[in-house]
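Here is a short briefing to read with the structure open beside you.

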Amino acid sequence: CFGACSFCSITHHQGKQIVSRSEESILREAKRMAKMPEFRGTISDVGGPSANMYGAHCPKWEKQGPCKNKSCIGCPSLQDGTARQLALLSEIQKIPKVKHVFISSGIRYDLIPENAEGDAYLKTISESHISGHTKVAPEHISDAVLSKMGKPENKVYERFVKKYYQLNERLSKKQFLVPY
């Protein structure tokens, strides 16, 4: 994980470079699932620990490995993978017998850009890829504690919550955030 949260050991034992399973591999598995007699049309989770980290990468990683900056969040070199993730979810949904493709694992709300691209991402997953609950990890509400944890200020979470519920109201969806 490239988040480098101070309380987490993932970066220490797995590294900060994101390695995403290939689209071809995921599509092969989804096609196999869809052929199983007990399959009822729902793929309950395409994601991983932080679903919207799928496909995220930095061109520098390929040439020089991870840089010395502790966290990649907010770095202009980091390329998020939201377009790649949405394209994959769309391809899975085209598989015969697949009715629903959900993200049940958590999303990093602090990685969703606060711009039109981020709004489009949130709209797409809310319309088609959330089964009623979106898992997020605000971690804490105190800015002093969040700072020590290496997390963004609480206002980032509060803006996300407001945007999420406004969007779902416009979509006439009853979906909820589940902080964990």
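## The enclosed space

The largest cavity holds about 30 Å³ of space. This is a predicted model, and in it there is 1 cavity of 30 Å³ or more.

**Around the cavity**

- The residues lining the largest cavity are Ile103, Ser105, Ile107, Ile125, Ile130, His133, Thr134 and Lys135.
- By class, this lining has 4 nonpolar residues, 3 polar ones and 1 charged one.
- Strand E3 (residues 133–136) makes the largest contribution to the lining of the largest cavity, with 3 residues.

- On its covered face E3 carries Thr134 and Val136, while His133 and Lys135 sit on the uncovered face.
- E3 pairs with strand E4 (residues 176–179) in the parallel sense, and 4 bridges join the two.

- About 920 Å³ of space lies in the largest pocket.
- Its lining counts 43 residues, and the closest to the pocket centre are Gly47, Gly48, Pro49, Ser50 and Ala51.
- Helix H1 (10–14), helix H2 (23–35) and helix H4 (82–93) are the elements that each give two or more residues to the lining of the largest pocket.
- Sorted by class, the lining of the largest pocket comes to 25 nonpolar, 11 polar and 7 charged residues.
- The second largest pocket holds about 190 Å³ of space.
- Lining the second largest pocket are 14 residues, with Ile73, Gly74, Leu78, Asp80 and Leu111 nearest its centre.
- In the second largest pocket, the lining splits into 9 nonpolar, 3 polar and 2 charged residues.

**Helix H7, from end to end and side to side**

- Helix H7 (residues 154–170) has 17 residues and should span 24 Å at 1.5 Å a residue; the C-alpha atoms at its ends are 25 Å apart, so the two values agree.
- Which residues of H7 are buried? They are Asn154, Val156, Tyr157, Phe160, Val161, Tyr164, Leu167 and Asn168.

**Single residues worth a look**

- Gln85 belongs to helix H4, and with a relative accessible area of 3% Gln85 is buried, since the cut-off for buried is under 20%.
- Between the C-alpha atoms of Gln85 and His133 there are 19 Å, and the two residues are 48 apart along the chain.
- Glu139 is not a glycine, yet its phi is positive, at about 70°.
- You will find Glu139 in the loop between E3 and helix H6 (143–149), where Glu139 is partly exposed with a relative accessible area of 31%.
- Ser172 also has a positive phi in a residue other than glycine, with a value near 55°.
- The loop between H7 and E4 is where Ser172 sits, and its relative accessible area of 67% makes Ser172 exposed, as the cut-off for exposed is over 50%.

How values were computed:
Residues numbered from 1 in each chain as written. Predicted model: local features only at pLDDT ≥ 70, side-chain atom pairs only at ≥ 80, totals over all residues. Heavy atoms only, no water. 1 Å grid on protein atoms, 1.4 Å probe; cavity = no way out; pocket = protein on both sides within 12 Å on 5 of 7 lines; lining within 4 Å. Points joined across faces, edges and corners; volume = space filled by probe spheres on them. Nonpolar A, V, L, I, M, F, W, Y, C, P; charged D, E, K, R; others polar. Buried < 20%, exposed > 50% of the residue type's maximum accessible area, 1.4 Å probe, protein only. Pairing = 2+ DSSP bridges. Expected span 1.5 Å × (residues − 1).
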